[in-house]
Amino acid sequence: KDYLLTEYMGRKIFYYNSVTSTNIIAKELAENGLEEGTVIIAEEQTLGKGRMGRKWSTPNGEAIAMTIILRPEISPFMAPSITPILAVSAVEALRKLTGFDVKIKWPNDIVLDSKKLCGILTEMNSDMDMINYIIVGMGLNVNQENFDDEIKEVAVSLKSFSGINFKRKIIIAEILNEFEKNYEIFKVKGISEFLDKLKEYSVLLGKRVKVISINNSFEGEAIDIDKDGSLIVKKDNGEITKVLSGDVSVRGM
Ligand code: ATP
C-alpha cells in the first residue's frame, strides 16, 4: 500500500487465495454495486480466462491476476479502448520498474522477448447507451520459472527472462498509479490522446502479420494504428484494411 499513490484505483482491494477467475468475481462484486477503482487480486486462478473462451494460466503465488472495476460515463463503444489504456499503463510501469523492453502486441497482449508476458481482458455490462460497469482484468507472469508444456514456447515471465525475482506488490501499485492517471486523461480526451504511445510501444508495426478471424484470414503488413485504436494492415494485393480488435488474432511472422 505504501507504493500506491492513487486517489481511488486500488483503494479498495478484495484479495483471494484461489478463485475461478478474477473477472468472474469482479462481475459479481460490480453487480452488487462495488465502486469504481475496486480491485480484485488472486494468488491463483483455476479458470483464468483469455479472449474467445481461451484459457489463461495463473499458477499459485507467482503471477499477478487482477481485475479492476470501472464505471465511466462514456459511450459503450469506447469501452474496448480500456484494453489499450491498461496496456500502455502496464508497459510504462514495467519499463520504469525493470528497464526491460516490454511492448504491446495489438490488441491485448504485452510481450517481452517476442513472448507473451501479460494478457488483458476487458468486459462490459451496459443498457442501451449507458455503461453499468466495465471490468478489466490482467494476467501478468512475474516469478514463474517454468510454464506448462502447452504454453512454454509462447510464454515468458519477468523471472524466466532475467533470473530476477520481482515483488508483485510493487508492480501492482505502479500499474495502478499509471492506470489512474491515463484513465482520467482517456475519459476526457479519448483514445486518440494515446496514439503516439500505442505506436511507439507496438511490436507489430512494420511487421508482416497474419490476421485470423472466424470466417476470414489474410496476410499483410501492419502499417499503422488508426485514431480509434484499430490496426491498419496493407494486404499483399495492396488493399488497405482496418482491423477492429473484436474477435481477431494477429500473428507476427
Ligand atoms: P493469440 O495470442 O492466439 O492471438 P489471444 O491474444 O486472443 O490469442 P489471449 O486470449 O489473450 O490470447 O490469451 C490466451 C492464450 O494465451 C492461450 O490460448 C495460451 O496460448 C496463452 N496463455 C495462457 N496462459 C498464459 C500465460 N500465463 N502466459 C502466457 N501465455 C499464456
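Strand β8 (residues 208-213) and β12 pair in the antiparallel sense, with four bridges between them. Pairing here takes at least two DSSP bridges, and strands are DSSP runs (E, at least two residues), numbered from the N terminus. Keep in mind that this is a predicted model: local features need pLDDT of at least 70, side-chain atom pairs count only at pLDDT 80 or more, and totals for chains, interfaces and linings use all residues. Residues are numbered from 1 along each chain as its sequence is written, and side-chain values use heavy atoms, with hydrogens and water left out.

**The five-stranded sheet**

- β8 and β12 belong to an open, antiparallel sheet of five strands, ordered β11-β10-β9-β8-β12.
- β11 (240-243) and β12 (249-252) sit at the edges with a single partner strand each, so one side of each has no neighbour in the sheet.
- On average, neighbouring strands of this sheet are turned by 40° against each other, direction ignored; the axes behind that angle are lines fitted to C-alpha atoms, and angles run from 0 to 180 degrees between N-to-C directions.
- If you want a residue pair to look at, I212 has S249 in β12 as its bridge partner.

- β2 (residues 39-45) and β3 (residues 63-70) run antiparallel and are joined by four bridges.
- A42 stands opposite A65 in β3.

**The ligand site**

- The ligand has 15 residues around it, and R51, R54, K116, N141 and R251 come nearest; a residue is near if one of its heavy atoms lies within 4 Å.
- That shell splits into three nonpolar, five polar and seven charged residues, where Asp, Glu, Lys and Arg count as charged, Ala, Val, Leu, Ile, Met, Phe, Trp, Tyr, Cys and Pro as nonpolar, and the others, Gly among them, as polar.
- A side-chain N or O atom of K116 is 2.9 Å from an oxygen atom of the ligand.
- N141 has a side-chain N or O atom 2.8 Å from a nitrogen atom of the ligand.
- With S57 the backbone takes part: one of its N or O atoms lies 3.0 Å from a ligand nitrogen.
- Taken alone, the ligand exposes 640 Å², and the protein buries 87% of that (Shrake-Rupley method, 1.4 Å probe).

Methods
A polar contact is a pair of N or O atoms within 3.5 Å; within protein, one must be able to donate a hydrogen and the other to accept it, and residues adjacent in sequence count only if both atoms are side-chain atoms.
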